[in-house]
Amino acid sequence: MLKFIARRLLTLIPVLLGLSILVFAFVHALPGSPADSLLGERGTDEDQAKIEESLGLDRPLPIQYFFYMRNLLSGDLGTSVSTRRPVTEELGRYFPATVELGVAAMIFAIVLGVPLGFVAAKRYLGLLDNTSLFISLIGISFPVFFLGLLLKYVFAVKLGWLPTIGRVDVTRTFDHPTNFYVIDALVAGNPADLLDVLKHLLLPAIVLGTIPLAIVARITRAATLDVLSEDYVRTARAKGLDPRVVDRRHVLKNALLPVVTVIGLQTGLLLTGAVLTETIFAWPGVGSWYLNAIRFRDYAVLQGATLFFAFVVLMVNLAVDVSYGFLNPRIRYR
Amino acid sequence: MSVAQAGAAELRLEQGASLWTDAFDRFRHNLGAIVGVALILVFVIIAIFAPVIAPFDPNEQVGPLATNPAGPGNGHLFGLDEQGADLFSQIVYGARLSLLVGLVSVGVGLTLGLVLGSVAGYLGGWVDSFIMRVMDVMLPIPSFLLATGLVTILGRGLTQIMIAVGITNVPIFARLLRGTILGQREADYVLAARSVGVPGPRLLMAHILPNSIAPVIVQATLAMATAIIDVAGLSFIGLGPSDPGLPEWGKILSENASRLEQSVHLVFFPGFAIVLSVLGLNLIGDGLRESIDPKLRA
């Protein structure tokens with residue numbers, strides 16, 4: 001098992017190296033330079049040259065890449081041009097917000113999606129099955145930003161049940177050492193804080209979780225259908241096992257394998273969805289951070305963020321591969 | 001019907017049940033797929049006959065300028081926008097754009113992916129390794145973020161945006177095609193064709209590709225849906241087509257997002273146009289997948 005993980009990690013090295021080259025080339029192909037956005041319209045050519053020199057942008061690209069890689073390997077992603085803070089520090093500030101949102105969205109998707117897909121499969125081709133399939137297709141067809149705007153309009157603006165923006169009420173002073181507000185509020189033990197944080201989290205999480213919900217429900221349904229026709233399920237039923245036990249121990253457990261894969265594959269989608277969801281709800285996560293970086297041509301942030309996103313996706317995929325072993329002992333790692 | 005006739009009919013049925021007729025038959029009986037085809041047909045008809053269907057020029061001022069434009073009524077089916085233009089006409093013309101966006105982006109991704117995937121799968125060896133490693137490097141970057149980056153580099157013209165969204169599809173198509181070709185390369189019929197001396201390129205074009213194309217068609221339909229959503233999403237974050245006067249649904253929606261409270265129609269109608277067109281494509285894609293391979297019911 002450990003050997004398998006080590007080998008998978010080794011194969012990641014060339015991919016990450018390729019990624020760093022791609023991202024570096026990519027970011028430097030962007031039109032305009034950070035100096036432009038820093039100086040605005042009044043900058044002279046000399047000012048621009050000075051800033052580019054101070055940022056090392058006047059050196060040949062391979063040299064820039066070399067320095068970039070040297071810093072990267074020592075865990076330094078550079079300094080944001082617009083805020084002058086280290087990219088890693090900003091990442092530490094914004095990433096927890098996105099993780100919190102993403103995890104909440106996935107919980108929403110799994111808690112509703114798995115039972116829904118399972119029940120649909122048990123009623124294969126029945127009314128419930130067809131309805132849930134159709135509804136999940138509608139869910140997939142909804143652009144995140146449109147759904148976000150609609151829900152925000154109905155529940156926050158019209159009904160006023162939930163807050164429209166942010167992670168916590170602006171008037172609330174609230175300590176957040178880990179930047180995971182839910183955890184911070186739990187640790188602080190103030191129920192009013194926790195309630196406020198959860199209220200802010202609810203709507204964005206539902207918006208971000210809707211497409212994963214639809215996908216999880218569909219995959220659970222398909223996987224359950226496959227397992228239901230397996231010989232061992234028939235055997236279990238034939239020997240008179242309680243149908244509920246068959247469902248739980250034989251069907252659901254085996255059907256969850258593809259579901260785990262799909263949950264892993266959602267990471268990229270969640271990051272993408274986060275960009276749009278965070279824009280709508282002014283959620284201070286990596287999504288809005290990334291968009292600002294595009295606006296200000298913040299090379300360091302763009303490089304760091306893109307590399308980081310890709311890294312997260314790769315790591316989650318690895319975790320999914322490893323988790324197969326726990327869920328399905330038939331899979332052996334070599 | 002005599003016994004002989006019945007036997008003959010049975011025989012014909014057996015002969016006729018090839019992969020494609022079989023698939024078509026399943027597709028025909030899939031209600032969702034039929035609804036999808038109907039939806040997309042409606043959009044295609046609207047797109048083709050836009051000048052006939054739209055009562056006004058989409059950029060013509062036909063009502064008063066207003067910060068909070070009037071909703072449906074007064075001869076304007078979907079209401080007006082802040083420039084006093086007819087929203088219905090804009091949505092109708094927008095159908096052209098969305099279909100164009102779907103077709104061109106998928107065309108770009110499909111062509112590049114097809115070339116790379118079939119070359120990699122057919123040649124194998126280091127060419128295969130090289131192409132696939134490049135795809136591996138592209139895959140972990142979330143496609144929408146890749147598209148935002150590409151649009152920033154290429155520029156915000158409609159063409160550039162379609163190319164950018166298309167490029168994000170390349171790794172998916174390349175991998176898909178390579179996988180199926182690898183499966184087909186050693187199949188008996190390919191070995192047979194090879195043994196009678198069919199030259200390499202012809203073998204690929206006439207024998208292997210047609211037999212590997214089914215999953216690609218499914219993926220292409222679903223990718224069209226994603227392309228429409230992605231372009232609208234780019235509009236939403238301010239990276240949409242900068243060409244003035246383009247009635248792109250995502251652009252109409254995002255330009256009016258802040259006006260949601262006063263003029264909900266300006267968000268609602270373009271939004272639902274996107275949902276319906278995407279739903280149509282997803283239904284078709286699903287139906288195709290089920291009819292080509294009934295075992296894949298996801």
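Of the 298 residues in chain B, 45% are buried. The model is a predicted one. Chain B holds 13 helices and zero strands, and from the N terminus on its elements read α-α-α-α-α-α-α-α-α-α-α-α-α. Taken along the principal axes, the box filled by the C-alpha atoms of chain B is roughly 75 × 60 × 30 Å. Among contacts in chain B with a separation of 6 or more, 71% are between residues 24 or more positions apart.

One helix pair in chain B shows how such elements pack. The axes of helix H5 (residues 87–123) of chain B and H11(B) come within 8 Å, and they cross at roughly 120 degrees. The crossing of H5(B) with H11(B) is right-handed. From H5(B), the contact takes in B:Ser98, B:Val101, B:Gly102, B:Ser105, B:Val106, B:Gly109 and B:Leu110. From H11(B), the partners are B:Ala220, B:Ala223, B:Met224, B:Ala227, B:Ile228 and B:Val231. By class, the residues of this contact between H5(B) and H11(B) are nine nonpolar, four polar and no charged.

Elsewhere in chain B, B:Gly200 belongs to helix H10 (residues 200–212). B:Gly200 counts as exposed because 10 C-beta neighbours lie inside 10 Å, and the cut-off for exposed is 12 or fewer. B:Gly200 and B:Ala70 are 130 residues apart along the chain, and their C-alpha atoms are separated by 64 Å.

Buried residues are 39% of the 334 residues in chain A. Chain A has 13 helices and zero strands, and its elements run α-α-α-α-α-α-α-α-α-α-α-α-α from the N terminus on. The C-alpha atoms of chain A fill a box of roughly 85 × 55 × 40 Å along the principal axes. For contacts in chain A with a separation of 6 or more, residues 24 or more positions apart account for 72%.

In chain A, the pair to look at is H5(A) and H11(A). Their axes come within 10 Å and cross at roughly 145 degrees, and the crossing is right-handed. On the H5(A) side are A:Thr98, A:Leu101, A:Gly102, A:Ala105, A:Met106, A:Ile110, A:Val114 and A:Phe118. These residues meet A:Leu252, A:Val259, A:Ile263, A:Leu270 and A:Ala274 in H11(A). The residues of the contact of H5(A) with H11(A) comprise 11 nonpolar, two polar and no charged.

Some places in chain A lie outside the buried part. Helix H10 (residues 231–238) of chain A has eight residues, and the number buried is zero, so this helix lies largely in the open. After H10(A) comes A:Gly240, with a positive phi near 85 degrees.

Two other residues of chain A have a positive phi without being glycine. A:Arg84, in the loop between helix H4 (61–73) and helix H5 (87–122) of chain A, has a phi near 60 degrees. A:Arg84 counts as exposed because it has 7 C-beta neighbours inside 10 Å. A:Ala282 sits in the loop between helix H11 (243–281) and helix H12 (286–295) of chain A, and its phi is about 45 degrees. With 12 other C-beta atoms within 10 Å, A:Ala282 is exposed, as the cut-off of 12 or fewer requires.

That leaves the interface. Where the chains touch, 34 residues of chain B are in contact with 38 residues of chain A. On the chain B side, the elements giving two or more residues are helix H6 (125–138), helix H7 (143–154), helix H11 (214–236) and helix H13 (265–292). H13(B) gives the most, with nine residues. By class, the side of chain B that touches chain A has 22 nonpolar, seven polar and five charged residues.

Technical notes: Residues are numbered from 1 along each chain as its sequence is written. Chains are lettered from A and ligands numbered from 1 in the order in which they are written. This is a predicted model: local features need pLDDT of at least 70, side-chain atom pairs count only at pLDDT 80 or more; totals for chains, interfaces and linings use all residues. Two residues are in contact if their C-beta atoms, placed from the backbone, lie within 7 Å. Helices (H or I, at least four residues) and strands (E, at least two) are DSSP runs, numbered from the N terminus. Ala, Val, Leu, Ile, Met, Phe, Trp, Tyr, Cys and Pro count as nonpolar, Asp, Glu, Lys and Arg as charged, and the others, Gly among them, as polar. A residue is buried if 20 or more other C-beta atoms lie within 10 Å of its own, exposed if 12 or fewer, and partly exposed in between; C-beta atoms are placed from the backbone. Axes are lines fitted to C-alpha atoms, for helices over the stretch in contact, and angles run from 0 to 180 degrees between N-to-C directions. A crossing is left-handed if the near helix is turned anticlockwise from the far one by less than a right angle, and right-handed if clockwise.
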